[in-house]
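Thanks for coming. I will take a few minutes to walk through one structure, for those who have not seen it before.

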Amino acid sequence: MTMTTNPAKASRWSRIWNSNMGYSFRRNPVAVVSLAIFVFITAMALLAPIIAPFNPYDPAQIDIMNSEFPPVWIDGSDAQFVFGTDDQGRDLWSTILYGTRLSLLIGLCAVMLQAFLGISIGLIAGYVGGRLDSLLMRMADIQLSFSTLMVAIIFLAVTQAMFGSETFNQYAIYFLIAVIGVAEWPQYARTVRATVLAEKKKEYVDSARVLGFGPLRIMVRHILPNSLSPIFVISTVQVANAIISEASLSFLGLGMPPSQPSLGSLISSGFDYIFSGSWWITAIPGVLLVVLVLVINLLGDWMRDVLNPKLYKG
Amino acid sequence: MSLLSVRDLTVKFAMRDHTVTALDNISFDLAKGERLGIVGESGAGKSITGFSLMNLLSRPGFIDAGKILFRGEDIVKMPQSRMRGIRGNRMAMIFQDPMVTLNPVLTIGQQMVETLMAHRTLSKAEAEQIAIVKLREVYIPSPEERLAQYPHELSGGMRQRIIIAIALLLDPELIIADEPTTALDVTIQADIMELLLELCQSNKVGLILITHDLGVVSQMTERTLVMYAGKIIEAGRTREIINDPQHPYTQGLINALPQQTKPGMRLKQIPGNMPSLTAIPPGCPFSPRCEYVRDHCRTTRPETVQYAHVEVACHEVSRLHQENTEEQPA
Amino acid sequence: MLAYLVKRVFQAIAVMLVISLVGFAIQDNLGDPLRELVGQSVSEEVRQQLRDELGLNDSFFRQYSRFLGNALQGDLGTSYFFKEPALDVILKKLPATLELVLGATLIIVGFSVPLGVYTAIKPNALLSRLIMGVSIVGISIPVFLTAILMIFVFSVELNLLPSYGRGDVVTVFGNWDTNFATLDGWAHILLPSLALASIMLPLFVRLIRAEMMEVLQSEYVKYAKAKGIRPYRIYFVHALKNTLLPVITVGGVQIGTMVAYTILTETVFQWPGMGFMFLEAVNRVDTPLIVAYLIVVGFIFVLTNTVVDLIYGLVNPTVNLARMGA
């Protein structure tokens, strides 16, 4: 394994980048194209307020008379709406840009929360060991045996019923990040714990301890760098999953409200019109969602092949 | 005619955009019933030699050139189905770590019976009878009960005995044993070696013993090959190699044995490490570590020459020999 | 074996207790049972009296133990909307959901093993690359989108298959309605099962492939080759059994996950199962039904996980159940 070398982190990084990762990236057209598409989508989403011709959150710019215009390449369209309009008369292109922004934001924040919780718990469980370790890992097992989506659906449904739609819609984005973030921490915790257990026995950890470094410093500065490659690989997959989860929850009406739609809620609102022929409200955000998740998954696959980390298996 | 004859065997590993030579032009012979030791550090190419003989190199390794004649037939060119008929049948292999060699989800009986039935037409009951006989030969107590057991129910030593029994199932002509005791407890290593020696002698089976332990080689084998960085650097009768090694590397190995050192003294080490296969120096591969090195050692490959009673690949072997014999009386 | 069983059952009971606690907390905080009983036109005094009678002023512990005692007798409260015991409402919807899960499981088991094994044995074949390419696209499409796409293609455009409901069902024993008795039933369950399987199938193909490829690199497979065993026996006897062992554990968890995904497929196909019912209950703030659903689904999760663990212990000879119980 390449992960046994702890010293000289900087040189290791540059070495990986220059030889292995860089090389295989250049040689892998799928990875190059995926990254390009991902960067492109992310840039569009970030620049949404600048690029988008309309502001979908501004009621003054929405006219219900404009609803269900098809995309410009179809008869009966309106030239100012490139991808047509949705059921409320919003410009679909602008709404998609803002929606992608929300989907990406929720996905990334949720995964950061997962990673923070999982890495902390994994480090503590592995380093402290004993009863605390077995308790935490038993909790991880049980948490994993309940599907994230199920937990999220029930949590959000109850929250929505408890606070009422209005308050819920206002804080939906935080609820989504929290529930997706909390439900998946075991993925990280198990992998990090496994690395800690393997590294704890090694001499450099002993010597760091003898030198008087505290446990926190040893864990973060010495042990954690060894789990970076699995963390990277898990993270890509988790971002893809989080985006799908968010979309699914929003589709069920348990996520972002139609007034502030993410890609999932946009697809959901379009689903009611699919039988009446307004397929684009569902199809265009749907395609974008799939492409976004697909390129992240492809990047994750490529990374797994290159880094080939030892992932924890249950 | 010799049982096995290896001629100019070269094995390479395919890397991203180049190949690495793992075995460089090695040749040797094995007579019927002869026991041969292959000695060297890890990474010298011993195990690769063993797997090449079975034509079982796994990717990215491949046989680049050379011949492996088994009873006059070239294994390298043999079709897979025919080669499969030889593996486990005429030629058996004993792997290094008995804890991971047997399939954990199949019983000992299933793994023995399938081997017999792969090569002979007989009933399951007949196969089990043969298995029991062979288990008894390797001193497994109550062999009938073992057949129903899973590997994890048995100790490492017991498992290696069973693997030896499987090797003997079809009365092969050659057994390749790849470090058969390295993974075992020190206390049972000698038992297993003794058993292997006894069975090879009584059944007149040829043995290729791959090991890093010169002591084991001296007890078990008649002839020895010393490998270094994918090459055979010295070959000859075991007794002569042990008593009067010619290559500086072999001398270093023997001097490093604890028996050669007085109590309380430091063990003599060969300075440095064996080069990795990607960075084998030009000229003699041992030259960077050799205390007798001369300029031409670093630039030209030494030819294998007959010297004293052995074949050795060293430019300076005659000078070395003189110096040593001069030293000894003094 | 017995000790392991007991330990595993104890753990399951502990998890169920936690779930019931969550259920109770929801019951306690969500909605007002009084309003459902008597409406809002009742004076505050009468309300207080009713609260006392219903035990709503008792201590937390007493209320919880009463909730638990009732739950153990199968009483999970009465649905506000259906005016029927909540458990009965759910049990009526359960067969529809379970048949959907069964249909998807059959598709997954039937296809994932051959596809996973093939792609592991021939990783460079054109067909393998195609299967892997399709599988990663499959993973990237959310279930509800697959469902919508299927409706659009097979129902709206081609008009081949029905897009909603269960169609003709036949009542077999008790109140179990089955889709598998009529052609119309099969036609109705096909698309929802396919949609439900669409996310799990590629996951299983990839999992089986990865496990199988790892097993094929193992020493015991190399050893089997060195014994001269035929390839098909190496693949299907030596490797497959070792491959499927870890897959069983993951599979158990995924069956639970599929129950969650039924909510999505049932919503798209208006499948009258308990997931569809749950979302309706949420919209109506039908608290007893929400809590009952939580407990029934939690029970299904715990049950499948426990059973899968026990099966794993039984089929894996290296797991010593007696020792694990200690």
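For chain A, the mean pLDDT is 80, and 85% of the residues reach 70 or more. Where pLDDT is low, the predicted coordinates should not be read in detail. Please keep that in mind when you look at the start of the chain.

Now chain C. There are 13 helices and two strands in chain C. Its C-alpha atoms fill a box of roughly 85 × 60 × 35 Å along the principal axes. Chain C has 326 residues, and 40% of them count as buried. If we take the contacts in chain C with a separation of 6 or more, 72% are between residues 24 or more positions apart.

Next, which helices of chain C supply at least two residues each to the side that touches chain A? The contact itself takes 36 residues from chain C and 35 residues from chain A. On the side of chain C, the helices are H1 (2-29), H6 (126-140), H7 (143-157), H10 (231-269), H11 (274-283) and H12 (287-315). H10(C) has the largest share, with twelve residues. By class, this side of chain C has 29 nonpolar residues, seven polar ones and no charged ones.

The contact with chain B takes 17 residues from chain C and 23 residues from chain B. Here the elements of chain C that give two or more residues are helix H9 (219-226) and H10. H9(C) gives the most, with seven residues. The classes on this side of chain C are six nonpolar, four polar and seven charged.

That brings us to chain B. Four of its strands form an open sheet in the order E2-E1-E4-E5, and the pairing is antiparallel. Helix H1 (residues 46-53) of chain B lies across E1 (4-14), E2 and E4 of chain B, and runs at about 70° to E2(B).

My last stop is strand E10 (residues 231-237) of chain B. Is this strand mostly covered or mostly open? Mostly covered: six of the seven residues of E10(B) are buried. Strand E9 (residues 223-228) of chain B is joined to E10(B) by six bridges, and the two run antiparallel. Tyr228(B) has Lys231(B) in E10(B) as its bridge partner. The hairpin of E9(B) and E10(B) has two residues between the strands, and Ala229(B) takes a positive phi near 50° there. E10(B) also pairs with strand E12 (residues 310-312) of chain B, over two bridges and in the antiparallel sense. In this pairing, Val312(B) in E12(B) is the bridge partner of Glu234(B).

That is what I wanted to show.

Notes. Residues numbered from 1 in each chain as written. Chains lettered and ligands numbered in written order. Predicted model: local features only at pLDDT ≥ 70, side-chain atom pairs only at ≥ 80, totals over all residues. Buried ≥ 20, exposed ≤ 12 C-beta atoms within 10 Å, placed from the backbone. Contact = placed C-beta atoms within 7 Å. Nonpolar A, V, L, I, M, F, W, Y, C, P; charged D, E, K, R; others polar. pLDDT = per-residue confidence, 0-100. Pairing = 2+ DSSP bridges. Axes fitted to C-alpha atoms, helices over the stretch in contact; angles between N-to-C directions.
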